[in-house]
Amino acid sequence: MCGIVGVLGNHEVAPILVESLRRLEYRGYDSAGIATVNDAGQLHRRRAVGKLANLSDLLVHDSLPGKSGIGHTRWATHGAPTTDNAHPHRAGPVSVVHNGIIENFRELREELAAKGIKFVTETDTETVALLTQQHLRQGMDPRTAVEATLKRLEGAFALCFLFDGETDLMFAARKGSPLAIGHGDGEMFVGSDAIALAPMTDRITYLEEGDYAVITRAGAQIFDAAGAPVERAVKTVQMDAARIEKAGYKHFMAKEIAQQPTVVGEVLNDYVRGDKIVMDLGGIDFAKVERLSIVACGTAYYAGLTAKYWFEHYARLPVDIDVASEFRYREAPFAPGTLGVFVSQSGETADTLAALRYTKGKADKVLSLINVPESSIARESDVAVEIHAGIEVSVASTKAFTCQLATFAILALKAAHDRGQLDDASLAAHLADLRALPGLLSHALAIDTAVQGVARKLESARDVLFLGRGQMFPLALEGALKLKEISYIHAEGYASGELKHGPIALIDKDTPTVVMAPHDGLFDKTVSNMQEVMARGGRVILVSDVKAADKAAEGVWQTITMPDAPELIQPILYAVPAQLLAYHTAIAKGTDVDQPRNLAKSVTVE
Ligand code: F6R
């Protein structure tokens with residue numbers, strides 16, 4: 001979602017701001033802008049709709065001098081993506097960039113309107129600039145004015161302020177949306193995340209909930225929500241450029257798909273030693289857990305849904321699973337002995353975070369599967385288990401999904417062992433299966449060329465169905481989600497057995513059906529469903545293994561053949577064809593693979 005940068009530098013700041021915004025492009029945006037204070041103390045701004053290239057072009061013709069500045073990439077929430085609605089917003093001497101939502105902005109607008117104040121945008125952010133301007137007019141200095149403004153704001157947000165006449169002053173505030181302060185040599189920076197600041201500094205302070213900071217080139221003074229000065233640690237973060245470059249791949253998504261054998265290997269290295277699972281769960285004892293309540297959004301939810309099959313099958317542990325946006329308002333009661341489990345790559349998803357806050361104090365404990373250790377979800381959980389995917393830049397989640405699955409598989413086996421459902425020998429056998437995963441994933445990546453051929457045929461489809469049964473059902477949902485989000489082809493995932501209960505009406509020669517069916521205990525049942533599709537003139541793309549492909553290939557339109565694999569790891573392995581199918585179809589259609597329209601990487605609004 002929106003990206004924020006701020007720089008109090010020693011050089012012209014406009015190119016630095018644009019470059020930093022480029023590093024935040026992965027978050028998704030539809031307009032961008034910067035504001036600077038020049039050496040004479042004058043505040044000016046430039047904004048443009050669309051990609052950052054439009055802002056850069058504008059700056060070529062209409063440059064923006066100054067060594068202090070703020071910048072923003074906007075993902076529209078209040079008001080269309082227009083130049084007027086683009087950040088930075090300005091009210092007289094105040095300029096502000098904002099991520100998140102000011103929930104009481106209507107009330108604040110009415111209050112300001114009653115004083116005769118006019119609005120030039122449809123955004124919630126403009127009220128922040130106007131309120132601060134009002135406070136300055138009452139004689140407050142910039143710091144007191146910002147403090148007074150912050151006290152009036154409700155919602156989840158990160159803000160950065162700049163003032164006309166102030167060449168060495170910036171304010172940053174965090175409530176709900178993360179914000180990082182970067183420390184340079186005689187320079188200071190602000191960024192939505194450390195990635196934005198990577199070329200300038202690796203010394204980062206993360207603001208905590210409710211904190212605000214008064215920043216000059218000499219450093220940052222941080223205050224907590226009550227206004228008391230606080231010390232926040234300066235951490236050195238590993239943010240080397242190679243991790244956030246395409247490294248020769250055409251897209252981040254291609255790079256991230258290809259990284260899966262390595263990152264899944266890291267999950268195994270961290271949590272499996274020989275025949276044992278070594279995972280610090282902060283005292284959570286699965287033998288005493290009665291029930292799991294898994295909550296997440298999107299792809300992370302599908303990882304949780306797959307885990308439900310594993311926990312119930314291997315550990316005989318009942319699992320409830322919900323999408324966070326529903327769960328947060330459902331007021332679900334918790335049975336004694338429930339462990340709340342939250343899954344989030346970004347660790348900042350607003351709905352998942354709100355669901356976690358609802359669960360705390362009601363469930364026995366809260367455990368999360370996270371990729372960003374400094375994230376809000378990681379910090380607010382009793383136990384945060386890292387999935388080790390590394391930075392995921394492409395909006396469509398790929399390697400985070402397989403790392404979530406690998407981590408869940410290990411957790412489910414641990415639960416099974418702790419609950420006496422798996423003896424040492426069976427655990428060792430399953431861990432050996434898991435250890436084969438990186439090799440099998442590399443092997444599976446070799447289907448790339450075959451998938452390209454299938455994708456060229458899928459490109460012209462308007463609708464696509466994905467079918468899966470048992471632990472492959474969540475993968476059918478994930479395959480459909482990946483395809484629709486990056487190729488814009490309408491796709492739906494169904495449990496194979498549900499076909500007859502409605503979706504079969506959609507089957508015709510123009511609606512291809514992708515069947516995810518390795519040779520498992522349910523294979524013959526899925527083949528029957530596949531026959532039902534073909535009997536109605538439907539065209540089937542069968543994704544299956546060597547064992548099964550021969551058995552069921554007759555009448556199938558296209559086959560993608562996967563390596564044979566033990567049952568536990570099949571959903572992890574079959575993520576690869578689901579991802580590649582979406583990727584190559586998007587390439588064939590010429591869509592923006594890494595930054596699909598309307599989507600954001602980190603969904604910090606509900
Ligand atoms: C799909 C995708 C999204 C995310 C979802 C949750 O490719 O990336 O569906 O999985 O927005 O995001 P996190 O995991 O950051 O909470």
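1. Sorted by class, the shell around the ligand holds five nonpolar, seven polar and two charged residues, where Ala, Val, Leu, Ile, Met, Phe, Trp, Tyr, Cys and Pro count as nonpolar, Asp, Glu, Lys and Arg as charged, and the others, Gly among them, as polar. The shell numbers 14 residues, with Ser344, Gln345, Ser346, Thr349 and Glu485 the closest; a residue is taken as near a molecule if one of its heavy atoms lies within 4 Å of it. At least two shell residues each come from helix H9 (298-314) and helix H17 (473-487), helices (H or I, at least four residues) and strands (E, at least two) being DSSP runs numbered from the N terminus.

2. On provenance, this is a predicted model, in which local features need pLDDT of at least 70 and side-chain atom pairs count only at pLDDT 80 or more, while totals for chains, interfaces and linings use all residues. Residues are numbered from 1 along each chain as its sequence is written, and side-chain values use heavy atoms, with hydrogens and water left out.

3. Which serine residues place polar atoms against oxygen atoms of the ligand? A polar side-chain atom of serine 344 is 2.6 Å from a ligand oxygen, and a side-chain N or O atom of serine 346 is 2.7 Å from an oxygen atom of the ligand. Serine 397 takes part through its backbone, a polar atom of which lies 2.9 Å from a ligand oxygen. Of the 410 Å² of accessible area that the ligand has on its own, the protein covers 89%, with areas taken from the Shrake-Rupley method with a 1.4 Å probe.

4. The ligand takes up space in the second largest pocket, a molecule being assigned to a pocket if more than half of its atoms lie within 2 Å of the grid points. Pockets and cavities are found on a 1 Å grid over the protein atoms alone: a cavity is a set of points where a 1.4 Å probe fits but cannot get out, a pocket is an open set with protein on both sides within 12 Å along at least five of seven lines, and lining residues have an atom within 4 Å of a point. This pocket holds about 600 Å³ of space, a volume being the space filled by probe spheres set on the points.

5. The second largest pocket is lined by 27 residues, and Cys297, Gly298, Thr299, Ala600 and Val603 lie nearest its centre. Two or more lining residues come from each of H9, strand S20 (338-344), helix H11 (350-359) and H17, and H9 has the largest share, with four residues. By class, the lining has 12 nonpolar, 10 polar and five charged residues.

6. Three cavities of 30 Å³ or more are counted, and the largest cavity holds about 70 Å³. Its lining includes Cys2, Arg74, Trp75, His87 and Asp124, and strand S6 (residues 94-102) gives the most, with three residues.

7. Most residues other than glycine have a negative phi, and most peptide bonds are trans. Histidine 87 and proline 88 are joined by a cis peptide bond, with omega about -5°, and proline 88 lies in the loop between strand S4 (68-74) and strand S5 (89-91). Histidine 388 has a positive phi of about 60°, and tyrosine 488, in the loop between H17 and strand S24 (490-495), has a phi near 65°.

Terms used:
Polar contact = N/O pair within 3.5 Å; in protein donor to acceptor, adjacent residues only side chain to side chain.
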